[in-house]
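Me: I'm new to this one and would like to know what the labels rest on. Please show it to me, and then I'll ask.

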Amino acid sequence: MNAGCGCSMPPLRRGPMVARPWRGFFAGLLDLLAGRAEPPAQRGAMQPWQRAAARRRAVLTAIVVGSAVAATALLLHTLPEGGPAALRIAQVLLFALLFAWVAAGFATAMMGAWVLWRGDPHALTARGAGHAPLSVDARTAIVMPICNENVAAVFGGLRASCESLAATGVASLFDVYVLSDTNDPGLRAAELAAWAELRDALGEGARVHYRWRTRRTRRKSGNVADFCRRWGRNYRYMVVLDADSVMSGDALVAMVRLMEAHPDAGIVQSAPRACGVSTLHARAQQFAGRVTGRLFSAGMRWWQLGESHYWGHNAIIRVEPFMKHCALALLPGRGGLSGEILSHDFVEAALMRRAGWHVWLVDDIEGSYEQQPANLLDELQRDRRWCQGNLQNARLVTEPGLHGVHRAMLLTGAMAYLSAPLWLAFLLFGSALWLTGGAAVAGVPGSVPPGAAALWLATLAMLALPRVAGVAALLLTGAERQYGGRAALLRGALVEAALSVLSAPVRMVAHSLFVLGALTGLKLEWKSPPREASDIAWGEALRRFGPLSVFALALLASLALIEPRAALWLAPVVLPIALAVPFVVWTSRASLGCRALAHRLLMTPEEHCAPRVLRQAWQFARRAAPAPGWLDTLTDPWLFEVVRQAPGARDTAWGSRGRARRLLVAGLVERDTVRLGRADRLRLLAEPQSMVALRDQLAASRKSLTTNPVAAHPAFA
């Protein structure tokens with residue numbers, strides 16, 4: 001890929017990308033009620049998969065509605081008299097809506113389990129695209145919008161993707177664009193230096209371009225739209241990456257082949273695997289995504305088929321219809337639900353389908369990767385933006401021409417966050433009914449009516465069975481080896497479930513606040529530490545969660561004095577909130593994540609045997625990163641394993657950083673990993689950079705790695 005001439009971007013070839021004004025929620029609703037709704041475009045005759053999709057959606061709807069109706073009828077049958085009528089009605093309505101929401105997730109996961117077991121003849125698959133040579137006209141742009149990111153990680157992943165693409169022999173069809181919205185002068189200088197280094201590393205024949213926008217309008221979607229207006233006409237396709245995306249060359253080529261084989265496809269979305277972050281929180285999320293998340297992906301693919309999601313990254317887009325139909329107008333009005341569309345990807349998928357182009361989720365494209373937030377604060381910062389964006393999208397549900405599936409997806413996107421305050425309201429209404437003598441859905445053993453107990457057991461079963469099915473699928477196919485073995489897989493599933501139970505109430509309260517902020521326009525700031533800072537300080541956690549924890553404890557104590565049974569009803573929710581501070585701090589620790597990995601706990605296939613493109617991405621990022629301090633060095637999982645096995649070492653060795661360093665050197669010598677003189681030992685103890693250099697030297701020679709359970713971790717690429 002040729003960096004091009006002395007300029008950073010190729011000559012302009014402008015093309016229009018004009019947004020169609022929004023009809024408006026109420027005007028669109030009147031059109032729908034009056035039968036004047038514009039139907040989505042249809043390119044050619046209806047295909048077999050569309051008829052299959054209609055049948056599947058009818059089945060899903062019947063399951064969800066039937067489950068909710070049956071559960072609500074049982075609740076009404078067991079509901080005793082007493083309590084204010086308004087509270088009773090509100091609790092019944094909330095129960096019906098929330099039970100339908102849980103049933104929809106459960107049915108989707110079970111459909112996914114069926115698909116993973118039996119396959120799907122109507123699905124778009126990478127295997128079905130074959131290995132035909134690509135046309136010279138299939139020119140593809142790889143675009144990576146970035147904004148104030150970790151420069152070493154961004155360009156390390158991009159270099160690994162480019163080198164993997166070069167190995168496919170068709171790199172001449174691809175151009176790479178780094179589209180920067182960075183406003184930090186220091187980071188921008190680092191980006192320019194990393195871009196120059198990337199061009200030098202890739203050598204002649206590589207086309208890697210860098211652009212910095214002077215006018216940062218409409219965030220990521222505006223950045224991509226600016227690229228399309230300037231250079232989109234040069235390309236048939238574009239692959240959109242996030243700053244943390246890594247894709248193998250084979251995955252990139254497979255997506256182009258899919259688009260070439262299916263000329264009606266407007267977007268093909270891969271199912272990226274989360275990996276590469278070593279904190280306990282991130283490793284639990286990575287594990288959950290590989291064990292349970294794949295069931296939901298397969299289930300969504302089963303009922304969506306060619307009217308699927310677009311997640312904004314690790315996807316390929318047909319550029320011409322995207323430019324013609326997917327420009328985004330501003331949402332009219334004032335407040336948090338107006339202005340720039342934040343969750344642009346769902347809307348772009350809906351607009352692409354409105355124009356008659358199909359949107360596919362293909363989950364067998366191997367070599368597509370992303371990263372999870374390192375800690376719960378980072379996750380909530382991301383969720384705050386997603387919450388506002390998904391609530392914005394609900395305003396577009398009645399837009400003319402949208403397909404019914406995409407209308408439903410815009411609603412479910414909003415419901416993903418509205419469900420948090422609805423669950424909170426349901427719990428509070430239940431407590432209020434208890435205090436007024438009309439509770440029917442709570443109590444202590446022996447006081448709950450059989451029908452109410454059956455409803456709670458059914459709800460818990462629907463929440464737990466997808467996890468059980470995910471583990472069972474791995475055991476039945478013999479894939480547990482990639483997760484550290486059968487025992488490690490089962491232990492990991494239990495640990496992940498426990499962490500999920502503890503974090504769910506914290507997420508519920510945070511999401512409720514985010515919804516409140518979005519609906520009222522209140523400025524609820526929730527700034528998290530920088531992306532690369534994984535460990536949350538106790539002071540930071542106390543500042544964010546301390547008041548909430550104190551309130552939770554005061555509420556629980558007050559209820560215990562007034563009505564102990566109501567306190568018991570709320571305890572599973574209130575206690576995790578009360579423990580939020582230590583939970584957030586401990587799960588942000590990279591050292592705990594490394595300990596878990598050393599014991600094969602929460603292990604994923606990417607940690608068991610990392611693909612080459614990931615090993616290279618981690619290695620390039622590590623080499624380019626600033627020299628670490630001792631804390632960063634000692635959170636390396638392989639070095640931790642050496643410390644743990646050193647003579648005289650105990651788990652408490654990490655309590656003393658100096659003792660850990662001495663044990664590290666002793667462990668290296670004891671294992672005969674490397675021969676060190678006295679001067680070398682002293683230098684290693686004094687300079688963390690020297691220890692990192694030693695680690696890299698050992699990695700290159702592959703010494704003493706065959707029995708290392710964490711040899712494939714990012715720190716040991």
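**Labels and what backs them**

Reply: Let's start with leucine 305, which sits in the loop between helix H8 (280–304) and strand S8 (315–318). Helices (H or I, at least four residues) and strands (E, at least two) are DSSP runs, numbered from the N terminus. This is a predicted model, in which local features need pLDDT of at least 70, side-chain atom pairs count only at pLDDT 80 or more, and totals for chains, interfaces and linings use all residues. Residues are numbered from 1 along each chain as its sequence is written, and side-chain values use heavy atoms, with hydrogens and water left out.

Me: Why is leucine 305 called buried?

Reply: Buried means under 20% relative accessible area, exposed over 50%, and partly exposed in between (1.4 Å probe, protein chains only). Leucine 305 has a relative accessible area of 1%, so it is buried.

Me: What makes the phi of leucine 305 worth a look?

Reply: Most residues other than glycine have a negative phi. Leucine 305 isn't a glycine, yet its phi is positive, about 50°. Arginine 218 also has a positive phi, about 55°, and isn't a glycine. Look for arginine 218 in the loop between strand S3 (208–212) and helix H6 (219–231).

Me: What makes a space a cavity and not a pocket?

Reply: On a 1 Å grid over the protein atoms alone, a cavity is a set of points where a 1.4 Å probe fits but cannot get out, while a pocket is an open set with protein on both sides within 12 Å along at least five of seven lines. Lining residues have an atom within 4 Å of a point. Grid points are joined across faces, edges and corners, and a volume is the space filled by probe spheres set on the points. The whole structure holds 5 cavities of 30 Å³ or more.

Me: What lines the largest cavity?

Reply: The largest cavity has about 70 Å³ of space, and its lining includes His281, Glu496, Arg507 and Phe583. Two or more lining residues come from each of H8, H14 and helix H17 (580–587), with H14 giving the largest share, 5 residues.

Me: How many residues of each class are in the lining of the largest cavity?

Reply: Ala, Val, Leu, Ile, Met, Phe, Trp, Tyr, Cys and Pro count as nonpolar, Asp, Glu, Lys and Arg as charged, and the others, Gly among them, as polar. That gives 3 nonpolar, 5 polar and 2 charged residues in the lining of the largest cavity. The second largest cavity, about 50 Å³, is lined by 7 nonpolar, 1 polar and no charged residues. Among its lining residues are Leu94, Trp423 and Trp456, and helix H3 (85–118) gives the most, 4 residues.

Me: What space lies in the second largest pocket?

Reply: About 320 Å³ lies in the second largest pocket. Of its 16 lining residues, the closest to the centre are Leu424, Val509, Leu548, Phe551 and Ile577. By class, the lining of this pocket has 15 nonpolar, 1 polar and no charged residues.
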